[in-house]
Amino acid sequence: MNTKWYSLLSIILLFSLLAACGGGGSSTGSAGETPGNGGTGTNGGAETPPASQGKTTVQFWHSLGGKNGEYTDALIQRFNAAHSDIEVVGTFQGGYDETVTKLQQAIASGTGPDVSMLERAYVQMFADSEVLEDLTPYMEGSGISADDFTPGLMGHSVFNDQLVSLPLNRSTPILHVNKSMLDEAGLEIPTTWEEMREVAGKLAVKEGNEYKRYGLTMPYDTWYPIAMITQAGGKFFNDEGTTIGFGDNGAGHKVFSYLKDLQSSGALYYPPAQDSGNIVNSMFVEGKVGMMFQSTGSIGGLSSTVDFDYVTAFLPKDEVFANPTGGANVTMLAASKHKEAAWEFIRWMEMEEEGGLEFILQSGYLPFTKKMVESEKMQALWAEEPNRKVAYDQLEHAIDTNKDVAWPEIMHEFFSAIEAIMYDSKDIDSTIDTFRKETERILGQ
């Protein structure tokens, strides 16, 4: 095991301690997935019983709690019922960051699982440490190609010329709209930043010194600024991976100036860091805000709760449409002693209708194969719930510009920059410059 591996383990342990001590927002860059609706739950379903004698046991670690934990347990049970010679033992390991921490420790001690869910932003870190199995030969042996998967979700699958992960529970940010509120005001759903400025401003209602209604909101997270940076023509990292890609070109200044202008007029409500996802969801449901940037993972819960005409739309563009992706992939550990059985579980989960498709239909995550998209069940669901098809269509504009093995540490610094600007109204340019210097230090420049 190389020294970089232990260095990265120290970083993850540090972040886990920081998360446990307070603060809010998603430390994975994919917010909006509250317990029961995504990968950050803390009350997963019961673990699958140990494998019976005479069967190959495959250990599978995952990060899904609440209802999605139940759907995961059901998936595992379906697999076990269909395979007389393999039994998968599923174990809920906590949220994404907890799973990463436990996985790092287990790999270092030689006690890791065969298969693990892994938040997509961490895949490169594990891939660079050479602890993930290259799935290419398994794919070829099963007649599966990367072309079988949804293109916008494959951005965190190939590293060092090896295919080391496949999409599983994946999501993307999207615009959630109280269309009843917009219709009442005679407003159209915005498709550009300028249209969003106008609509959000007209929706804001101020009584005395207090705003009773806001036009737009979003959780405290890195997801949404990253999307907007790319929409404004920037990139999170430059092409060489040596510094940020939104400083000198003015994209960062444009994004945060835009957000601060909206915030100052009541057009934008930027929530406190702690529990921000639940706060903005509640405001949207209660009609205290007309539009919201939030995960596609919130569509199901909002649809069953709101009492107004609720629709989804693409994130509005500036120069271009762009949206990051989030959620987790599935990986096989290189140290697994049951690789053929582990691959059969992954293959079944990815490709068989009784596997991943049922999980996607139940959970609300994005369909990750073309076969899923074309299935009668998915087409019927989209006909019944068109909001969910909008989320899939937006994948045409999916981007991943924050890919770097150092992203977890840099993400922490980016949160600090967001807090300085959005909460403390620090100077935008100097804050971005400070963040740039910290990024270059971490990247070793």
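What percentage of the 445 residues of the protein count as buried? The share is 57%. The structure described here is a predicted model. The protein has 18 helices and 17 strands, and a search of the whole structure finds 25 aromatic pairs.

**Overall figures**

- The protein exposes about 17300 Å², and carbon and sulfur atoms supply 48% of that area.
- Among contacts in the protein with a separation of 6 or more, 77% are accounted for by residues 24 or more positions apart.

**Aromatic pairs**

- The 25 aromatic pairs come from a search of the whole structure; the rings of phenylalanine 236 and phenylalanine 237 have centres 5.0 Å apart and planes at 90°, so this pair is edge-to-face.
- Phenylalanine 236 is buried, and phenylalanine 237 is buried as well.
- Phenylalanine 414 and phenylalanine 435 also form an aromatic pair, with 5.2 Å from centre to centre and 40° between the planes, and this pair is tilted.
- The pair of phenylalanine 414 and phenylalanine 435 links distant parts of the chain, since the two residues are 21 residues apart.
- Phenylalanine 414 belongs to helix α17, residues 407-422, while phenylalanine 435 belongs to helix α18, residues 428-443.
- Phenylalanine 414 and phenylalanine 435 are both buried.
- One aromatic cluster is formed by Phe236, Phe237, Phe246, Trp407, Phe414 and Phe435.

**Helix α8 against helix α17**

- Helix α8 covers residues 223-231, and its axis comes within 11 Å of the axis of α17.
- The two axes cross at roughly 90°, and α8 and α17 are therefore roughly perpendicular to each other.
- On the α8 side, the contact is made by Pro225, Ile226 and Ile229.
- On the α17 side, the contact is made by Trp407, Phe414 and Ile418; of these, Trp407 and Phe414 are also members of the aromatic cluster.
- By class, the contact of α8 with α17 has six nonpolar residues, no polar residues and no charged residues.

**Helix α13 against helix α15**

- Helix α13 covers residues 353-363 and helix α15 covers residues 376-384.
- The axes of α13 and α15 come within 11 Å and cross at roughly 10°, which makes α13 roughly parallel to α15.
- From α13, the residues in the contact are Glu353, Leu357, Glu358, Ile360 and Leu361.
- From α15, the residues in the contact are Lys377, Met378 and Leu381.
- By class, the contact of α13 with α15 has five nonpolar residues, three charged residues and no polar residues.

**Loop residues with positive phi**

- Glutamate 130 has a phi near 60°, a positive value in a residue other than glycine.
- Glutamate 130 is found in the loop between α4 (123-128) and α5 (136-141).
- The relative accessibility of glutamate 130 is 68%, so this residue counts as exposed.
- Serine 425, which is not a glycine, has a positive phi of about 55°.
- Serine 425 lies in the loop between α17 and α18, the two helices that hold phenylalanine 414 and phenylalanine 435.

Key. Residues numbered from 1 in each chain as written. Predicted model: local features only at pLDDT ≥ 70, side-chain atom pairs only at ≥ 80, totals over all residues. Heavy atoms only, no water. Phe/Tyr/Trp six-rings, centres within 6.5 Å; stacked < 30°, edge-to-face > 60°. Buried < 20%, exposed > 50% of the residue type's maximum accessible area, 1.4 Å probe, protein only. Helix = DSSP H or I, 4+ residues; strand = E, 2+ residues; numbered from the N terminus. Axes fitted to C-alpha atoms, helices over the stretch in contact; angles between N-to-C directions. Parallel < 35°, antiparallel > 145°, perpendicular 65-115°, else oblique. Contact = heavy atoms within 4.5 Å. Nonpolar A, V, L, I, M, F, W, Y, C, P; charged D, E, K, R; others polar. Areas by Shrake-Rupley, 256 points an atom, 1.4 Å probe, with all protein chains shown as cover.
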